[in-house]
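Thanks for making time this morning. I would like to walk you slowly through one structure, so please keep the sequence and the picture open while I talk.

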Amino acid sequence: MKLFRETELINADIFFYYHKVTKFVQANNKKYTKDNTINTIMDKKVIVTGVIGADVHAVGNKILTYALEEAGFKMINLGVMVSQEEFIEAAVETNADAILVSSLYGHGEIDCYGLRDKCDEAGLMDIPLLAGGNLVVGKQDFEEVEKRFMAMGFTKVYPPNTQLDTTIADLNILFSK
Ligand code: B12
């Protein structure tokens with residue numbers, strides 16, 4: 001449900017999301033931080049994240065970072081306009097367990113191309129690569145988009161409007177393997 005028109009109330013839109021996330025985190029705090037076997041028994045999993053390419057859409061990735069931190073992950077947020085090399089450098093430095101890429105402006109496919117090969121070259125052979133946001137221009141058939149990202153070596157690819165708890169649940173499954 002959209003409460004505001006995109007063109008006139010960007011701030012209200014962002015406030016609405018912030019409010020939604022705060023409520024989500026409060027509701028799930030116990031579930032994810034107290035009873036989460038993965039993050040209480042073992043050390044926190046480290047996730048490097050950022051907004052790839054020339055993309056400056058900061059809000060969604062910040063919210064995602066906040067929600068994942070609250071869910072018990074250690075987040076390394078590189079901010080916006082992050083190059084593939086910067087993702088890899090940070091993942092090597094922090095011995096990361098996953099790289100989570102955000103892309104909102106429509107050029108995600110081009111920006112993500114070759115990331116898996118560069119990870120392999122840097123010794124990050126098996127590191128899970130996740131991508132989400134608005135990965136391509138306009139509304140494309142997501143199954144096709146997903147296929148193309150999987151062919152590029154991504155582990156998980158998400159359509160627009162993916163719920164935060166979907167990502168958290170997927171990460172917990174991924175790390176329990
Ligand atoms: C605010 C905004 C801007 C601001 C950004 C300010 C800032 N510093 O953040 C400004 C004005 C700078 C901007 C610029 C542009 N924008 Co803009 N922008 C928006 C807008 C209105 C809101 C984005 C937002 O903050 N949403 C709120 C957050 C909470 O949601 P979110 O970003 O989607 O993030 C959530 C999910 O996507 C998901 N998610 C994000 N990353 C990941 C990663 C993973 C792994 C997972 C699982 C989930 C996930 O979780 C987040 C939290 O729930 C959207 C339209 C909209 N309503 O979404 C357009 C929008 C993203 N922009 C768009 C465009 C085209 C542009 C420009 C190219 C316009 C232009 N011609 O100049 C430029 C690009 C500039 C650049 N270099 O990046 C398009 C993208 C279209 C596409 N992909 O096909 C959109 C969708 C508008 C539209 N309908 O056309 N924009």
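Let me begin with a question: which element gives the largest share of the shell around the ligand? Before I answer, please keep in mind that what you are looking at is a predicted model. The answer is α3, from which 5 residues of that shell come. In total 32 residues surround the ligand, and the closest of them are Val-59, Gly-60, Ser-102, Gly-106 and Gly-132. The elements that contribute two or more residues to this shell are α1, which covers residues 10-34, together with α3, β3, β4 and α8. If we sort the shell by residue type, we find 18 nonpolar residues, 11 polar ones and 3 charged ones.

Now to the sheet. It is an open sheet of 5 strands, arranged in the order β2-β1-β3-β4-β5, and the pairing is parallel. At the edges we have β2, residues 74-77, and β5, residues 156-157, each of which pairs on one side only. If you follow the sheet to β5, you will see that 2 bridges join it to β4, with the two strands running parallel, and that Ala-131 stands opposite Val-157 in β5.

Take Val-101 as an example: leaving aside residues up to four places away in sequence, it touches Ile-52, Cys-112, Leu-129, Leu-130 and Ala-131.

For contrast, look at helix α7, residues 142-151. Is this helix buried or in the open? Of its 10 residues the number buried is 1, so the helix lies largely in the open. After α7 comes Gly-153, whose phi is positive, near 95°.

Finally, a word on confidence. The average pLDDT of the chain is 87, and 76% of the residues score at least 70. Over residues 30-41, however, the pLDDT is below 50, although this stretch has 13 contacts in the model beyond near neighbours in sequence. Where pLDDT is low, the predicted coordinates should not be read in detail.

Terms used: Residues are numbered from 1 along each chain as its sequence is written. This is a predicted model: local features need pLDDT of at least 70, side-chain atom pairs count only at pLDDT 80 or more; totals for chains, interfaces and linings use all residues. Two residues are in contact if their C-beta atoms, placed from the backbone, lie within 7 Å. A residue is buried if 20 or more other C-beta atoms lie within 10 Å of its own, exposed if 12 or fewer, and partly exposed in between; C-beta atoms are placed from the backbone. Helices (H or I, at least four residues) and strands (E, at least two) are DSSP runs, numbered from the N terminus. pLDDT is the predictor's confidence in each residue, from 0 to 100. A residue is near a molecule or strand if its C-beta atom, placed from the backbone, lies within 6 Å of it. Ala, Val, Leu, Ile, Met, Phe, Trp, Tyr, Cys and Pro count as nonpolar, Asp, Glu, Lys and Arg as charged, and the others, Gly among them, as polar. Two strands pair if DSSP finds at least two bridges between them.
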